[in-house]
Amino acid sequence: AWWVEGGGRSGSGSASRHHHRVRTSGPAAAAGSGRAHHGAASGDAVAPAAAAAGGRNNSGTAAGGSSSALIPIHWPPPLDVPTWLEEEGDVPDAFRCPITLAIMREPTSASSGITYERHAIFQWLQLHRVDPVSHVPLKRHRLAPNLNLRCMVEHWVRTKLQERGEKVTKLD
């Protein structure tokens, strides 16, 4: 489940904030849980408020088709992956971005279910309006952090550092 922090009630102009715990389906649910919040950096993906609130607006009533409010998504910091790990022969394919072929430090799930490195997919979408693998139309607000994959990459990096006898510090 995602924690979504929405604005005031629809149409009320209220600046108060309401917290909703909502379930999502599709790639966002596969990406794990996270916390959406206001004040995300510019260029961050945002989710439509009605969709993020399970088809309901912040007052709990069914949302109409005209809801255009967007809620910024919280992006965790990039993982600190040592450069020597890029040359390892045993990097799982799922940890490599289909665009850059590098280990993903900010795995980002598209609505197609395919995960990319955040900066690579954002850059791709500046020139193209389709998913680079599936060729399905794709918009930036349909991107979300893949928190499950991020945790798996982080665990794998920690294990590799321990195997090498290096001191493990915080990776983000």
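## Burial and the model

A residue counts as buried when its relative accessible area is under 20%. Trp 156, with a relative accessible area of 12%, is therefore buried. The structure described here is a predicted model.

## Aromatic pairs

How many aromatic pairs does a search of the whole structure find? The search finds two. One joins Trp 75 and Phe 122, whose ring centres are 6.1 Å apart. Their planes stand at 85 degrees, so this pair is edge-to-face. Trp 75 belongs to the loop between strand S4 (70–72) and strand S5 (107–109), while Phe 122 is in helix H3 (residues 118–127). The two parts are 47 residues apart in sequence, so the pair ties together separate stretches of the chain. Trp 75 has a relative accessible area of 10% and is buried. Phe 122 is buried as well, at 9% relative accessibility.

Phe 95 and Trp 156 also form an edge-to-face pair, with 5.7 Å from centre to centre and 70 degrees between the planes. Phe 95 sits in the loop between S4 and S5, and Trp 156 sits in helix H4 (residues 147–163). This pair therefore ties together parts that are 61 residues apart in sequence. Phe 95 is buried, at a relative accessible area of 7%.

## Charges over rings

The charged end of Arg 118 sits over the Phe 122 ring, 5.5 Å from the ring centre. Elsewhere, Arg 164 lies over the face of Trp 84, and its distance from the ring centre is 3.9 Å.

Which strands form the open sheet, and in what order? Three strands make it up, in the order S6-S5-S7, and their pairing is antiparallel. Strand S6 (115–117) and strand S7 (144–145) are the edge strands, each pairing on one side only.

Between S5 and S6 there are three bridges, in the antiparallel sense. Thr 108 is found opposite Tyr 116 in S6. Helix H3 lies across S5 and S6, and runs at about 95 degrees to S6.

## Cysteines

How many disulfides does the structure hold? The number is zero. Cys 97 is buried, with a relative accessible area of 0%. Cys 151, by contrast, counts as partly exposed, at 47% relative accessibility.

Technical notes: Residues are numbered from 1 along each chain as its sequence is written. This is a predicted model: local features need pLDDT of at least 70, side-chain atom pairs count only at pLDDT 80 or more; totals for chains, interfaces and linings use all residues. Side-chain values use heavy atoms; hydrogens and water are left out. Rings of Phe, Tyr and Trp (its six-membered ring) pair if their centres lie within 6.5 Å; planes under 30 degrees apart count as stacked, over 60 as edge-to-face and the rest as tilted. Helices (H or I, at least four residues) and strands (E, at least two) are DSSP runs, numbered from the N terminus. Buried means under 20% relative accessible area, exposed over 50%, partly exposed in between (1.4 Å probe, protein chains only). A charge sits over a ring if NZ of Lys or CZ of Arg is within 6 Å of the ring centre and within 35 degrees of the ring normal. A disulfide is a pair of cysteine sulfur atoms within 2.5 Å. Two strands pair if DSSP finds at least two bridges between them. Contact means heavy atoms within 4.5 Å. Axes are lines fitted to C-alpha atoms, for helices over the stretch in contact, and angles run from 0 to 180 degrees between N-to-C directions.
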